[in-house]
Amino acid sequence: MPASQRVLVEIYRKMALIKHNDDRFISMIKAGRLTMPYYSARGQECIPAAISVLLTDRDYITTIYRGVHDMLAKGVPPKLLWAELAGRATGTCKGKGGPMHITHPESGCMVTTGIVGASMPIACGLGLAAQVRGEDRVVIANFGDGASNIGAFHESLNLAAVWKLPVIFVCQNNLFAEHTTLANGTAVQDISVRAAGYGIPGVTVDGNDPRAVYDAAQEAIRRARAGDGPSLLEAKTFRFNGHVFGDAGEYIPKDQYAAAVANDPYPRFRDALIAEDVATSAELDEIDALIETEINEAVTFAMDSPFPELSELGIDIYAPVGQA
Amino acid sequence: MSQTLVKPPAKINTVQAINLAIADAMEADENVIVFGEDVADLEGGGIVKVTQGLSTRFGGNRVRSTPISEMGFVGAAVGASLVGLRPVVEVMLMNFTAVCMDQITNHAAKLRFMSGGQTHVPLVIRTMTGAGFGTGGQHSDFLEAWFCHTPGIKVVAPSNPADAYGLMRAAIADEDPVIFIEHLPTYWVAGPAPAPGHFVPLGKAAIVQEGRDVTLIGYSRSVHDIRAAAVNLEKSGISCEVIDLRTISPLDMPTILASVAKTGRAVVVHEAVRSFGAGAEISARLHEQLWTKLKAPVQRVASKDCPVPFSKPLETGFLYSVDDIEIAVRTTLANA
């Protein structure tokens with residue numbers, strides 16, 4: 001079933017939430033008010049926005065260090081995210097995880113890893129738990145094109161296929177593995193063809209087209225919920241801010257970068273919604289304004305929050321005595 | 001599912017004890033699941049049959065043989081444990097933990113801390129090892145120091161069947177990841193059977209034998225050897241106190257300190273290679289905390305700092321001997 005007008009507007013809202021938060025993270029880092037290693041996903045916002053509208057709070061995601069967009073789309077409250085990125089005691093993880101290790105079980109964000117590929121085996125385990133218990137849950141395992149070259153990817157696809165686990169492997173292919181191009185580091189042009197090696201469906205879609213991502217994800221999620229096992233969904237996209245904040249991107253060909261920016265999914269989708277009479281410019285402006293307000297509140301909450309006590313260094317290493 | 005519990009025999013070996021512990025835990029808690037290479041009955045019930053019968057009794061949903069993908073299935077165990085299952089996974093040989101160390105040390109060990117306590121990993125990784133069977137450099141190593149050096153993991157190494165049962169029950173019930181080290185060459189040594197439901201608390205050492213002159217500290221295989229050394233030394237009038245650590249990390253320092261404060265001498269013995277091993281940590285803590293009460297420097301007895309060799313004379317020479325333990329004890333006494 002194609003996305004309804006209401007769903008399309010919700011996808012827009014999530015994309016705007018991701019974009020505006022990203023803009024503010026970067027302005028705060030530049031202003032010296034936020035100190036963190038930041039792996040911006042600006043340019044990739046369409047992918048989690050279009051997938052997450054197909055999920056419930058019961059469904060799980062795993063993601064990676066470039067994962068703030070995935071978390072916002074899945075529903076991690078911005079103020080808790082901001083507090084975590086600012087290293088505050090009020091953050092999702094009490095400031096002990098940071099941008100590469102966000103966890104927020106209430107919204108289904110179970111693991112964020114800083115180790116390329118490592119969240120895919122864990123996603124299999126989340127799917128296994130749902131299967132063993134007969135629960136209706138699916139797992140979205142987010143990763144990048146670079147991670148499709150590490151062993152964990154291949155072991156996970158095989159294991160998920162053998163056990164028919166309800167896992168959707170979502171490769172957000174932004175064409176660069178750190179600084180290495182897809183062509184120089186990956187033996188295939190389309191990651192999705194690797195699915196054939198594990199006997200599971202693999203599709204490639206335009207990761208900047210919300211409808212394409214939505215339709216492909218819908219089919220993969222349907223399959224997983226029906227007990228038919230995993231799928232590999234590759235969404236081709238681009239990251240506008242390099243590997244990590246401060247990366248000047250000298251290794252990115254100028255014409256490739258210009259073409260990617262011309263294909264920026266956020267204005268592209270906004271213009272399409274208006275052109276197709278799904279929403280008016282004023283309605284979308286209102287959505288943007290509400291998000292700006294929410295971000296302002298999140299920034300204030302984070303910056304006014306205390307840093308964690310040093311006693312936290314001795315807490316959460318093992319279960320509290322008496323509980324183990 | 002209800003099963004008539006068969007009364008265990010008076011003596012059982014460690015293979016049977018661990019099998020019984022996992023079965024009893026699975027009976028008591030449906031969240032306990034088992035997977036690993038060849039662990040289901042179709043594949044033989046485990047390479048040494050530790051998991052024999054479990055898949056038949058508890059079904060293929062809860063007991064599964066895996067592909068040869070340690071990174072994949074240990075990671076899956078981490079994921080399943082995050083949402084409340086209690087996986088008991090078999091990484092067949094301890095050397096194979098090397099191919100899934102990322103999941104163990106970067107994930108299992110740290111997710112409680114990095115999530116600010118929102119998630120945790122109640123996971124048991126069973127793994128066997130030990131030299132003596134000619135299995136050479138990649139099938140015999142004691143690698144416990146790798147895990148002891150990682151905050152967030154508990155490391156357990158039983159020396160006898162009853163402790164193996166009780167420690168396994170405690171490990172499965174524990175809320176943190178546990179590396180459970182099984183000693184291959186002593187798997188089939190029989191010992192007194194545990195009472196059903198017997199739990200041995202993690203982090204608690206056992207004083208196997210009380211003594212006056214020197215404290216011998218070991219775990220896993222070395223407990224057999226320090227007991228043998230103690231018997232020999234007794235004939236020379238040397239009274240040894242024997243401690244079986246049972247849990248290597250966290251160390252039961254109160255028990256160790258009380259014993260060594262009494263005897264004033266200590267020898268730590270392990271099958272792992274000597275340098276940077278658990279013996280070094282225990283020795284350092286004793287010197288730091290009991291300096292004025294020590295009558296002699298703490299001695300370490302361990303395997304040679306080389307890969308485990310194949311050829312029988314080399315393998316025997318690689319391992320410490322009971323004689324080495326006795327020499328170390330006499331060295332501490334010579335310093336009196």
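Two residues are in contact if their C-beta atoms, placed from the backbone, lie within 7 Å. By that criterion, 26 residues of domain 1 of chain B are in contact with 24 residues of domain 2 of chain B. The structure is a predicted model.

**Domains of chain B**

- The domain assignment divides chain B into domain 1 (11-192) and domain 2 (206-334).
- Taken over C-alpha atoms, the centres of domain 1 and domain 2 of chain B are 26 Å apart.
- On the side of domain 1 of chain B that touches domain 2 of chain B, at least two residues each come from α6 (144-148), β6 (154-156), α7 (161-173) and β7 (178-183) of chain B.
- Helix α6(B) provides the largest share of that side of domain 1, namely four residues.
- By class, the residues on that side of domain 1 are 13 nonpolar, nine polar and four charged.

**Contact between chains A and B**

- The contact involves 32 residues from chain A and 35 residues from chain B.
- On the side of chain B that touches chain A, two or more residues each are given by α3 (70-82), α4 (101-108) and α5 (111-114) of chain B.
- Helix α3(B) gives the most to this side, with 10 residues.
- The side of chain B that touches chain A is made up of 14 nonpolar, 15 polar and six charged residues.

**Largest nonpolar core**

- In soluble globular proteins, nonpolar side chains tend to be buried together.
- The largest nonpolar core has 194 residues, of which A:I168 and B:L216 touch the most other members.
- Helix α1(A) contributes the largest share of this core, with nine residues.
- Because domain 1 (11-192) and domain 2 (206-334) of chain B both give residues to this core, the core lies between them.
- Not counting residues up to four places away in sequence, A:I168 touches A:V138, A:I140, A:A141, A:A217, A:A220, A:I221, A:A224, A:P230, A:S231 and A:L233.

- Helix α1 of chain A (residues 5-30) has 26 residues and, at 1.5 Å a residue, should span 38 Å. The expected span is 1.5 Å times one less than the number of residues, and the end C-alpha atoms of α1(A) are 37 Å apart, which agrees.
- After α1(A) comes A:G32, with a positive phi near 80°.
- Helix α4 of chain A (residues 78-85) is largely enclosed by the rest of the structure, because eight of its eight residues are buried.
- These buried residues of α4(A) are A:P78, A:K79, A:L80, A:L81, A:W82, A:A83, A:E84 and A:L85.
- The elements covering the buried residues of α4(A) include α1, α3 (68-74) and α11 (281-304) of chain A.
- After α4(A) comes A:G87, with a positive phi near 75°.

**Residue A:K236**

- A:K236 belongs to strand β8 (residues 231-236) of chain A.
- A residue is buried if 20 or more other C-beta atoms lie within 10 Å of its own; A:K236 has 23 within that distance and is therefore buried.
- Leaving aside neighbours within four places in sequence, A:K236 is in contact with A:N173, A:T204, A:D206 and A:G207.
- A:K236 and A:I191 are 45 residues apart along the chain, and 9.6 Å separates their C-alpha atoms.

Notes
Residues are numbered from 1 along each chain as its sequence is written. Chains are lettered from A and ligands numbered from 1 in the order in which they are written. This is a predicted model: local features need pLDDT of at least 70, side-chain atom pairs count only at pLDDT 80 or more; totals for chains, interfaces and linings use all residues. Domain bounds come from an automatic or database domain assignment. Ala, Val, Leu, Ile, Met, Phe, Trp, Tyr, Cys and Pro count as nonpolar, Asp, Glu, Lys and Arg as charged, and the others, Gly among them, as polar. A nonpolar core is a set of buried Ala, Val, Leu, Ile, Met, Phe, Trp, Tyr and Cys residues joined through C-beta atoms within 7 Å. A residue is buried if 20 or more other C-beta atoms lie within 10 Å of its own, exposed if 12 or fewer, and partly exposed in between; C-beta atoms are placed from the backbone.
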